[in-house]
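Please look through the sequence and the model shown here, and keep both in view while you read.

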Amino acid sequence: MVEQKLVIEGGRRLQGEIQIQGAKNSVLPLLAATVLCKGEAVLHNCPRLTDADAAFRILDCLGCKCSREKSVITVNAEQMSNNHVPDALTREMRSSIVFLGAILGRCGHCRWSMPGGCQIGQRPIGFHLYALKRMGVVVENDGGFMDCTAPKGIQGAKISLPFPSVGATENIMLAAVTAKGRTEIHNAAREPEVVDLAEFLNKCGAKVTGAGGSTIVIEGVEKLSGGEHTVIPDRIVTATYMCCAAITRGELLLTKTKHDDLSPVFPIFEKMGCSVYCFDKDRIYVNARKAMVSPGKIVTHVHPGFPTDSQPLLMALTSVLSGTTIFEETIFESRFNHAPELIRLGAKIDVIERVAIVEWVERLSGANVRAFDLRGGAALVTAALACEGVTKISEIHYIDRGYEAIEEVLRSVGANIKRK
């Protein structure tokens with residue numbers, strides 16, 4: 001199969017309206033949760049992403065009946081017949097590990113291989129396994145696979161995470177909802193996607209409280225029924241299109257979003273001099289017609305701090321803003337893979353371990369660049385919109401993992417972008 005590219009001719013100001021897709025980082029654990037349901041689960045606002053397609057294939061492999069009608073996915077796991085996911089499927093995406101807790105909760109046994117995905121750091125699964133072992137799971141390594149078994153069933157436990165990992169928090173929740181007894185997760189991740197998962201589980205009959213805070217309590221129930229739920233809007237996609245508007249000095253109305261989830265990002269845009277207005281609960285207007293300046297220093301943190309997934313996007317934007325911007329990455333050790341590619345476009349960036357220093361340049365110029373991960377690829381798209389000339393971005397399968405038809409969305413608001 002010939003690798004596709006995105007071809008972008010920069011210099012066009014974006015203007016118009018974009019409807020934000022459902023959250024990638026929410027739909028994947030929600031699809032995993034359907035494994036636990038003894039009935040039909042219906043998820044609305046599901047984006048068409050290659051990661052979602054991979055989750056779909058995992059469900060099919062497990063023996064679940066799945067169907068999609070536009071943005072609605074229906075899963076019936078009543079006749080689930082398998083607890084082993086092939087190596088080829090788990091390698092497609094790192095977040096496939098979230099199925100581990102769900103399968104163990106349903107079957108009490110699972111055979112698993114190491115997951116794949118973007119290479120932005122080690123992202124060890126040790127936190128996941130530590131928690132599951134606390135819940136009575138025995139893990140044995142077998143030729144690159146993990147045989148996970150709960151001889152006495154999943155047991156409720158008190159678990160203190162060394163780091164508020166989103167994936168580990170979600171895996172514990174999925175294993176705990178049908179466990180025997182009470183589970184407490186201390187130092188839990190507080191991201192909106194964790195809250196979304198808790199809300200869906202509760203609709204299906206689970207007893208989860210405290211999601212969104214640092215302590216989550218789950219009272220195990222005998223079984224989950226089916227349920228219906230709407231996936232929350234994607235806050236990182238929202239931030240991406242905010243950056244696209246800003247770097248082209250344009251103005252966009254972003255609809256069907258959730259501006260409460262963007263609260264860590266808004267202050268950065270205010271410091272830059274970009275006007276951001278929130279309407280109702282789901283509309284954001286971005287106007288970047290005025291001159292903008294560097295926001296100074298940006299430090300990534302776990303939620304409710306500045307999200308690491310938005311860091312590459314802001315790096316692209318700040319490369320053309322007057323002044324110096326310093327990025328300190330505290331979450332992943334390899335989150336600057338996009339920097340050399342931005343430099344190929346003319347950006348001036350120095351990387352020293354987990355710190356990147358971005359100096360203003362008068363203009364960026366089109367070039368051939370390569371995406372190395374999902375958000376880094378989106379950062380290259382953002383920068384290319386402001387480049388003089390044509391930019392060709394390869395390895396765009398990374399971008400397709402998290403953005404639904406990004407070229408069509410941007411073209412609808414005035415960008416000159418094509419997929420070839």
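Predicted model: local features only at pLDDT ≥ 70, side-chain atom pairs only at ≥ 80, totals over all residues.

Residues are numbered from 1 along each chain as its sequence is written, and side-chain values use heavy atoms, with hydrogens and water left out.

In soluble globular proteins, nonpolar side chains tend to be buried together. A nonpolar core is a set of buried Ala, Val, Leu, Ile, Met, Phe, Trp, Tyr and Cys residues joined through side-chain atoms within 4.5 Å, where buried means under 20% relative accessible area with a 1.4 Å probe, protein chains only. In the largest nonpolar core, which has 73 residues, Phe 99 and Met 173 touch the most other members. Apart from this core lies another, of 70 residues, among them Ile 8, Cys 244, Leu 262 and Phe 306.

Thr 169 belongs to helix H6 (residues 166-176), a helix being a DSSP run of H or I with at least four residues, numbered from the N terminus. Thr 169 counts as buried because its relative accessibility is 0%. Its side chain reaches the backbone oxygen of Ser 165 at 2.7 Å. Leaving aside neighbours within four places in sequence, Thr 169 is in contact (heavy atoms within 4.5 Å) with residues including Leu 161, Ile 185 and Val 194.

In helix H10 (residues 311-318), eight of the eight residues are buried, so the helix is largely enclosed by the rest of the structure. Among these buried residues are Gln 311, Pro 312 and Thr 318.

Technical notes: Buried < 20%, exposed > 50% of the residue type's maximum accessible area, 1.4 Å probe, protein only. Helix = DSSP H or I, 4+ residues; strand = E, 2+ residues; numbered from the N terminus. Polar contact = N/O pair within 3.5 Å; in protein donor to acceptor, adjacent residues only side chain to side chain.
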